[in-house]
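Student: Could you take me through one part of this model slowly, residue by residue, with the surroundings of each side chain described as you go?

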Amino acid sequence: MTKKSNHVVPTLSGGWSVKKLGTSKAIRNFDSQEKAIEYGQKLSQNQKTDFYIHKKNGMVQNKYSFSTNKS
């Protein structure tokens, strides 16, 4: 079973997006990574999901788990 997660990822236009794992459409777009992180973190806390922050090159920079199930 795949865990649900939200990701802050760079966009082609130089901005940042918050996306759900496995989707191509952004939940919301931002001009800065900081604003995307702020939004994504709150979203993941509310949804009790994992939260990944990606670097500009797409590699994972940080991961946070807000899920209640620590399996």
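This is a predicted model: local features need pLDDT of at least 70, side-chain atom pairs count only at pLDDT 80 or more; totals for chains, interfaces and linings use all residues.

Tutor: Asn 6 is placed in strand β1, which covers residues 5-10, and with a relative accessible area of 1% it counts as buried, because buried means under 20%. Leaving aside residues up to four places away in sequence, Asn 6 touches a set of residues that includes Lys 19, Lys 20, Ile 27, Leu 43, Ser 44 and Gln 47, and Thr 49, Asp 50, Phe 51 and Tyr 52 are also among its contacts. With one of these, Thr 49, the contact is polar and runs from side chain to side chain at 3.2 Å.

Turning to the loop, Lys 48 lies between α1 (33-47) and β4 (50-54). The phi angle of Lys 48 is near 55°, a positive value in a residue that is not glycine, and Lys 48 is partly exposed, with a relative accessible area of 46%.

The last stop is an aromatic pair, one of 2 that the structure holds. The ring centres of Phe 30 and Tyr 39 are 5.5 Å apart and the planes meet at 45°, so this pair is classed as tilted. Phe 30 is buried at 12% relative accessibility, whereas Tyr 39, at 25%, counts as partly exposed.

Terms used. Residues are numbered from 1 along each chain as its sequence is written. Side-chain values use heavy atoms; hydrogens and water are left out. Rings of Phe, Tyr and Trp (its six-membered ring) pair if their centres lie within 6.5 Å; planes under 30 degrees apart count as stacked, over 60 as edge-to-face and the rest as tilted. Buried means under 20% relative accessible area, exposed over 50%, partly exposed in between (1.4 Å probe, protein chains only). Helices (H or I, at least four residues) and strands (E, at least two) are DSSP runs, numbered from the N terminus. A polar contact is a pair of N or O atoms within 3.5 Å; within protein, one must be able to donate a hydrogen and the other to accept it, and residues adjacent in sequence count only if both atoms are side-chain atoms. Contact means heavy atoms within 4.5 Å.
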